[in-house]
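Here is a short briefing on one protein chain. Look at the model first, then work through the points by topic.

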Amino acid sequence: MASNTFHTTPVKTPNPKSLSSSMSSRKTHQSHPTDPSSNHSDFKSRFEAYNRLQAAAVAFGEKLPIPEIVAVGGQSDGKSSLLEALLGFRFNVREVEMGTRRPLILQMVHDASASDPRCRFQEEDSEEYGSPIVSASTIADLIKYRTDALLKKTRTAVSPKAIVMRVEYAHCPNLTIIDTPGFVLKAKKGEPEGTPDEIMSMVKSLASPPHRLLLFLQQSSVEWCSSLWLDAIREIDPSFRRTIIVVSKFDNRLKEFSDRWEVDRYLSASGYLGDNTHPYFVALPKDRGTVSNEEFRRQISQVDAEVLRHLRDSISGGFDEEKFGPFIGFGCLRDFLESELQKKYKEAAPSTLALLEQRCGEVTAELAHVESKLQATSDVAHLRSSAMLHAASISSQVGALIEGAADPDPEQWGKTTAEEQLESGVGGWPGVTADLTPPNATLKLYGGAAFERVIHEFRFAAYSIECPEVSREKVANILLAHAGRGGGRGVVEAAAEIARAAARSWFSPLLDTACDRLAFVLRGLFDLAVERNQSHDSSYGRKNGNTDGYIGFHAALRRSYNNFIQDLSKQCKQLIRHHLDSVTSPYSQVCYEKDFLGGLGSSATFTNRFNQASAAPFFLELSDGASIQHTAGEDQENMPPNQPQHTPPGKGAEAKEALRESNMTVPETPSPDQPSDIVYGAKEKGKCNDIGRRRHTRILANSRNAEHYQHQNGSLLFGGGDIGPRSGSAYSDICSSAAQHFAKIREVLIERSVLSTLNSGFLTPCRDRLVVALGLDLFAVNDERFMDMFVAPGAVDVLQTERQSLHKRQKILQSCLTEFKTIARAL
């Protein structure tokens, strides 16, 4: 006795007209149920039009919403037997397992004149069909051969590429069904373990488009509550709105029923499929012996009749024939499939016509584009003109970005300071240990704004570097060498030399880093310029040189632009290195200027001016929570010592008289640890008691010279207020003086030279010389070299092949469009 869990496979409830036609056709079952009439003629024309459109879609990979039926189910659930029954003849389809590894599109065409089936296969990668095949064994062999050949070529176990077979026969309906690989739980011997998952994925892909109907088959022996494949169908079509469910091998289940309530409960499938979904129950001949096609069709009709007779006569009380009769038997299923597909074709005709018109227009545009490319390969002058216009447009966009722009969106295309440092690969500033955060560091900037931010970041880095400490050995080597050459400026020269060496050592890598960072900012403008160029073209409907698709040219243009920026970077490095060498040259007077930037004046005045010089000029801080900054050097390190400064000694009469002495005594050579304020004349005074007036005068001159030496070095370098005894040493005084010289060199280098050089070395050429440089690099060549950017070896052959394919596609789609226009007028 059947339990209440017995349920079958679901299907959409046919409309009343379909039910009545199914009942009448079931009672008077013919080889083809549709009567010849005007309605049948209209459906036949629509069916043929969709078949041709389907063939074109398969051949050219067109994604068209053609109403189709996709047969899905387990590998042993009877799909192959059902397809043979629909065709009206056998061709051993189960033995070649055509549905296990590659889909098969069966285009069944009812042709009353075809007493024998005429089968033709669509050629691979073409819309053309081959010669008719009559032998059933040849059909099976060809399906197997094509499947194996493709799988060997693609090195896969299954393939979604379909085989298309058109069958013209007097005993088949007008119907198109896509047979898919059957679901399996485990791969067969010799197949990859992932084959079941590949089959499931492929079937879902084929069944997912909403314009396709699902024909789901399941054996009657499988209970609805334990059906694995029904759950897979629910994932594709949760409400079974476009699913036709067929319970196959229904005759195997009949013997389990004895009472009417058992049969009716099973046929209703209530509780599992929903109230609006009713499955079809089908049984087919089990005899696989060699029989004629006519005998095969007779057996199908006989099985249908035997199933109905058993339900009427062998079941106590029979069954609810009015309710379930239209869903029992192969004849009812075939009639419903044909009528349902006819209805879908009629509903889809207007949208298909609109889509065809759109696709014809798109293919025509693609064909025109390819033809223009082919024409351009022979029209070098036109290609040069287009390429030059495009390069000029890109150069113009680069200039606009440097001047300041907010298009494209900075939030998408801009970069923060941290992102620039990371993506440029330059890293931080050499020698700078402080955590530098320039104004607007967290904002995403590009173009001129990003360039100025790097400039300010460089100034912050430069003014954060202190003059490094120098060992006593280095000071002694420099100081003693100068003292040995004579003269009274040993301390000054030693401090200046230390400052010059430190400036060359510390500022050289800093300047190189600034150039590299700025070059990175400018290199990024190329992609921005391309984006702006495309958006402006689309906005205003114009083309600044149509070079779309010429990958070689665009690569050459990008390479030329990058080379231009790289050359600018090298030139700027050379220029600022020259400025550094000039400022740190022994012949430079920077370290000896009495009136640097308007005179040092008092120590407080000098410190104030240094702060002002080291601060950035007026620069808005626009980051969140920041305020406007007018100066950036209030907390700068490496400030000169805050000491009162006296005017350097003048050339008075007493000094002149001393200098006129011909036998001047050189002061004792100082030691780095010796106090710098010793008055050398004191020692000489102790010896002048026994010497005459002339010797006394000479010693006095020496004393005054020593005083002049100390006064000169002390007041100019250290800002001492007198020449009396001091507690400092020559080493500390030289280090202090070197720090001041270092600050002077830095300020002159940055404020007078580097900033203007970076602006004129990078920005001015990008504005004024970029288009000329690109033109000379790309277009000042002969035609052969110029065409290398546009026509790769064999490219013309590829374009010609593409043109032929597009021309053929255009012809087929235009033919389908004309046919559907005729159908639309008849609707």
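Pro408 sits in the loop between helix 12 and helix 13 (410-413). A cis peptide bond joins Asp407 and Pro408, with omega about 10°. Most residues other than glycine have a negative phi, and most peptide bonds are trans. Keep in mind that this is a predicted model.

**Two residues with positive phi**
- Phe240 is not a glycine, yet its phi is positive, near 60°.
- The loop that holds Phe240 runs between helix 6 (228-236) and strand 7 (243-248).
- Phe240 has a relative accessible area of 3%, so Phe240 is buried.
- Lys249 also has a positive phi, near 55°, and is a residue other than glycine.
- Find Lys249 in the loop between strand 7 and helix 7 (251-254).
- Lys249 counts as partly exposed because its relative accessibility is 33%.

**The whole chain**
- The chain has 827 residues, and 49% of them are buried.
- Its secondary structure comes to 27 helices and eight strands.
- Take the contacts between residues at least 6 apart in sequence: 83% of these join residues at least 24 apart.

**The nonpolar cores**
- In soluble globular proteins, nonpolar side chains tend to be buried together.
- The largest nonpolar core in this chain has 70 residues.
- Which residues have the most contacts inside this core? They are Leu510, Leu522, Phe553, Tyr561, Phe762, Phe786 and Phe790.
- Eight entries make up the list of elements that give two or more residues to this core: helix 12 (380-403), helix 15, helix 17 (490-523), helix 18 (525-540), helix 19 (551-583), helix 24 (730-768), helix 25 (770-779) and helix 26 (783-788).
- Phe790 is in contact with Leu383, Ala387, Tyr550 and Phe553, leaving aside its neighbours within four places in sequence.
- Another core, of 64 residues, lies apart from the largest one. Among its residues are Ile133, Cys172, Tyr345 and Ala349.

**Helix 25 and its buried face**
- The buried residues of helix 25 are Leu770, Leu774, Leu778 and Phe779.
- Why do these buried residues line one face of the helix? Seen down the axis of helix 25, they fall within an arc of 115°, so they line one face.
- An α-helix has 3.6 residues a turn, so residues three or four places apart point the same way.
- The cover over the buried residues of helix 25 includes helix 12, helix 19, helix 24 and helix 26.

**Where helix 14 meets helix 15**
- Two packed helices are described by the angle between their axes and the distance between the axes.
- The axes of helix 14 (residues 417-424) and helix 15 (residues 447-463) come within 11 Å and cross at roughly 90°.
- Helix 14 is therefore roughly perpendicular to helix 15.
- Helix 14 makes the contact through Thr417, Glu420 and Gln421, and helix 15 through Ala450, Arg453, Val454 and Glu457.
- By type, the residues of this contact are two nonpolar, two polar and three charged.

**A glycine in a loop**
- Gly329 is placed in the loop between helix 10 (321-324) and helix 11 (330-378).
- Is Gly329 buried or exposed? Gly329 is buried, because its relative accessible area is 7%.
- Gly329 touches Phe281, Val282 and Asp304, not counting residues up to four places away in sequence.
- Gly329 and Ser301 are 28 residues apart along the chain, and their C-alpha atoms are separated by 8.7 Å.

Definitions and conventions
Residues are numbered from 1 along each chain as its sequence is written. This is a predicted model: local features need pLDDT of at least 70, side-chain atom pairs count only at pLDDT 80 or more; totals for chains, interfaces and linings use all residues. Side-chain values use heavy atoms; hydrogens and water are left out. Axes are lines fitted to C-alpha atoms, for helices over the stretch in contact, and angles run from 0 to 180 degrees between N-to-C directions. Helices (H or I, at least four residues) and strands (E, at least two) are DSSP runs, numbered from the N terminus. Angles under 35 degrees count as roughly parallel, over 145 as roughly antiparallel, 65 to 115 as roughly perpendicular and the rest as oblique. Contact means heavy atoms within 4.5 Å. Ala, Val, Leu, Ile, Met, Phe, Trp, Tyr, Cys and Pro count as nonpolar, Asp, Glu, Lys and Arg as charged, and the others, Gly among them, as polar. A nonpolar core is a set of buried Ala, Val, Leu, Ile, Met, Phe, Trp, Tyr and Cys residues joined through side-chain atoms within 4.5 Å. Buried means under 20% relative accessible area, exposed over 50%, partly exposed in between (1.4 Å probe, protein chains only). The arc is that of the directions from the helix axis to the C-beta atoms.
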